Amino acid sequence: MRLRSVIAVVVAVLVAAVCIRLGFWQLDRHGQRRALNQIAERQMTEPPARSIDELARDTAAARYRPVALTGTFDYDNEIVLAVRSHQGSPGVNLLTPFRVPGDEQVVLVNRGWVYAPDGVTVDLERWREAEEATIHGYAVPYSAPPPDGPGIVVQARSVRRLDHAWLAEHVPYPLAPLYVIDTTTARTAPGTPARLGGVALDAGPHLGYAGQWFLFAAIAVIGVGILVWRDRQPMPLAAVDEVASAGAAGNPRDGGLVRRHH
């Protein structure tokens, strides 16, 4: 086997091994996603929680659980979640503290999306709804902030991501470890934010990514196989004669070359 074939085989084996490993990693991610979706589907069928304290006892079990809370909005301590798009338009989400009588903690309620040309600035008073309300939606625990992510604050009371520790410092009462997505459609009067809708569960792109990695591994193996096969084929007679003729013409001891000098 030629040296170039040996090198190509080694490189192809390494590439295929890495691609196969990444393919199985994506299959594992796909399995994890399906398992989480199954848990979420079960929790979405639970009876609606009617207490914030009930939700806060186990945030893992409360993920996507339906809620039906009756209480009061605190618009004076509203938070703007900046740079949110809706149907291709820039805007923000409005997160308003919601107090339920008898509960020690308050919960932030994502009331929905409103248009903001710069994705940050919005007239909050324009989007105030009734203070007393019954909201229907589902609970979502806060995600852990990335260790090296961008700063939280965009401007006063406007943030680019939901960080529970920062939010807890900027509301004047204990904040629940989860927030609520408001899907109530009954309040559709002018001045009502566009609700975000229900939970969309999907398997994600992991299965497709796995197929791509396995395809890359197959291409590497097949490609090097073709190269080795070509290198092992006998050289055609015409090519042998051509090589021999070229070698004879370039050899000063060749008899034909000596005859030209006679």
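A salt bridge is taken here as a side-chain nitrogen of Lys or Arg within 4 Å of a carboxyl oxygen of Asp or Glu. The model is predicted, so local features need pLDDT of at least 70 and side-chain atom pairs count only at pLDDT 80 or more, while totals for chains, interfaces and linings use all residues. Residues are numbered from 1 along each chain as its sequence is written, and side-chain values use heavy atoms, with hydrogens and water left out.

**View 1. A salt bridge joins Asp 76 and Arg 128.** The N to O distance in this pair is 3.5 Å. Asp 76 sits in the loop between β1 (66-73) and β2, whereas Arg 128 belongs to the loop between β4 (107-115) and β5 (132-141), 52 residues apart; strands are DSSP runs (E, at least two residues), numbered from the N terminus, and helices are runs of H or I with at least four.

**View 2. Arg 111 forms salt bridges with Glu 78 and with Glu 129.** In the pair with Glu 78, N and O are 2.7 Å apart, and because Arg 111 lies in strand β4 and Glu 78 in the loop between β1 and β2, parts 33 residues apart in sequence are tied together. Both of these residues are buried, which means under 20% relative accessible area, against over 50% for exposed and in between for partly exposed (1.4 Å probe, protein chains only).

**View 3. Strands β2 (residues 79-86) and β3 (residues 89-99) pair in the antiparallel sense over six bridges.** Strands count as paired if DSSP finds at least two bridges between them. Leu 81 has Asn 93 in β3 as its bridge partner, and Leu 81 also stands opposite Val 159 in β7.
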